[in-house]
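User: I am new to this structure. Please take me through how its parts are classified.

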Amino acid sequence: MKTSFKFKDIHSCDAVVLTCIDFRFWRETLEFVEKELDIKTFDFPSLPGAAKAINDCLSDGDLAFQCIGVPCELHHAKKIVIVNHEDCGAYGGSGKFDGDQDAEQKFHEEELWRAKAKLIDKYPGKEYILVYARLADEGEKIDFLKI
Ligand SMILES: [Zn+2]
């Protein structure tokens, strides 16, 4: 299959969006970033747990750091977006929170803040956008919340 290469001779993008690998969320995350955040060019690494992957990093060469480092250093990304989501298997799922959606959201907010704090040392001067994808309407909808 041959298709047109829209980004020929373009080597910069606006952002890096780190999201979870979960198949239930990434398509909608893509749509949220393009439509709601109005970010059109971005690297889109996915790792289990998103913020968790950053928080679990022990040294500079770790994969999750590279997923942020390459976009920032090679592609000149100015924005760093991290998207965590409800019922994330990497964190043990919603079961851990006994159906308390607010407690689960608070936990993920703290995870997102922790990841930002970890990254800001390496990449100051970037715009950080932290997002939590919360299930709404009895699990029929995904509500993307900026934290
Ligand atoms: Zn997940």
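User: What makes Val16 a residue in contact with Phe42 and Ile68?

Analyst: Two residues are in contact if their C-beta atoms, placed from the backbone, lie within 7 Å. Val16 touches Phe42 and Ile68, and its other partners include Asp43, Pro45, Pro71 and Ile80, leaving out residues up to four places away in sequence. This is a predicted model: local features need pLDDT of at least 70, side-chain atom pairs count only at pLDDT 80 or more, and totals for chains, interfaces and linings use all residues. Residues are numbered from 1 along each chain as its sequence is written.

User: Why are Ala64, Ile68 and Pro71 of H3 called buried?

Analyst: A residue is buried if 20 or more other C-beta atoms lie within 10 Å of its own, exposed if 12 or fewer, and partly exposed in between. Ala64, Ile68 and Pro71 are the buried residues of H3. On the other side of H3, Leu63 and Glu73 are exposed.

User: How do you know that the buried residues of H3 line one face?

Analyst: The arc is taken from the directions from the helix axis to the C-beta atoms. For H3 the buried residues fall within 70 degrees, so they line one face of the helix. Their cover includes E1, H2, E3 and H4.

User: How does the reach of H4 compare with the expected span?

Analyst: The expected span is 1.5 Å times one less than the number of residues. H4 has 22 residues and reaches 32 Å from first C-alpha to last, close to the 32 Å expected.

Definitions and conventions: Helix = DSSP H or I, 4+ residues; strand = E, 2+ residues; numbered from the N terminus.
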